Amino acid sequence: MNQKAFEKIELPNVKNIIVIASGKGGVGKSTVAANLAVSLARQGHKTALMDADLYGPSIPMMFGVTVERSAGGMKDGKEVIYPVEKYGVKIISIGFFIQPGQSLIWRGPMASNGLTQLFRDTGWGEIDYMIIDFPPGTGDIQLTTVQKLSLAGAIIVTTPQEVAISDARKAAAMFTNPDLNIPILGIVENMSWFTPANHTNEKYYIFGKGGGEKLASEFRTRLLGQIPLVMEIGEVSDKGTTIYNQGNKTIIETFDALSHLISEIIKVNA
Ligand SMILES: Nc1ncnc2c1ncn2[C@@H]1O[C@H](COP(=O)(O)OP(=O)(O)OP(=O)(O)O)[C@@H](O)[C@H]1O
Ligand SMILES: [Mg+2]
């Protein structure tokens, strides 16, 4: 398997493509992808978010755009689809093409083709950062993306406990496979500790401690950040709004620090 052997999807106007991956489901990939994208956009970067979770797209709900549909049009004699824009982020999700509540019945190769089409046929415009929200694991969708796109790197999301770390290790190993050789920009540890709303200086390590740090050192990369388990994060996602519309400053600072760090790392790697 040689990366060069795959027909690449050329996105010449997209500068840096970053995938958000994990081994285990439900660890917070979409949460990190969505808030990172909004944070980058707020810092003035032209930002896109691709929801690559074709079978369980959660980005439309998190952005409150469940009834929106992508507009189509013609550009340079070719048919294009246009992203839905919300909170300064250009979003594409399979959710914009299927009825709410419907699910996709594409098998592996069809899903890969469908995803390729979404990347290629979208009129993205000029983009500084494209964030891709992966489904969990290392299936067809992830392989297609990493083989066909020229990625700036991957961010691995994990929770601190051993079962999540051991699955995250497998996802990380996909990127470092010598045939792919995609830089792991770092690890984000989510649900690192719980802080009760009325005891803001207390931290309860309910899922254990040190997992993200351990994974980072194993893959000779950095722990980019630790995100606490707080009610506000789940609430803003469910309401289709962002962390910038709630009162917990720590969460805002955490995501802003994360997006700053990532843009610094990309600058250095470039
Ligand atoms: N730090 C956090 N504090 C509180 N709730 C959180 C936090 N991170 C994620 N959640 C909540 O946990 C649930 C799962 O998160 P999310 O959908 O981001 O995970 P995922 O890894 O994308 O899942 P999937 O593998 O199904 O795509 C969501 O309801 C989300 O709002
Ligand atoms: Mg998700």
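**Exercise 1.** Leaving aside its neighbours within four places in sequence, with which residues is serine 112 in contact?

*Solution.* The model is predicted: local features need pLDDT of at least 70, side-chain atom pairs count only at pLDDT 80 or more, and totals for chains, interfaces and linings use all residues. Residues are numbered from 1 along each chain as written, chains are lettered from A and ligands numbered from 1 in the order written, and side-chain values use heavy atoms, without hydrogens and water.

Step 1. Contact means heavy atoms within 4.5 Å.
Step 2. With neighbours within four places in sequence set aside, serine 112 is in contact with Asp140 and Thr144.
Step 3. Serine 112 belongs to helix H3, residues 108–120 (helices are DSSP runs of type H or I with at least four residues, strands are E runs of at least two, numbered from the N terminus).

**Exercise 2.** Is serine 112 buried or exposed?

*Solution.* Buried means under 20% relative accessible area, exposed over 50%, partly exposed in between (1.4 Å probe, protein chains only). Serine 112 has a relative accessible area of 13%, so this residue is buried.

**Exercise 3.** Which backbone atoms lie 3.1 Å, 2.9 Å and 3.2 Å from atoms of ligand 1?

*Solution.* Step 1. A backbone N or O atom of valine 27 is 3.1 Å from a ligand 1 oxygen atom.
Step 1. For serine 30, a backbone N or O atom lies 2.9 Å from an oxygen atom of ligand 1.

Key:
A polar contact is a pair of N or O atoms within 3.5 Å; within protein, one must be able to donate a hydrogen and the other to accept it, and residues adjacent in sequence count only if both atoms are side-chain atoms.
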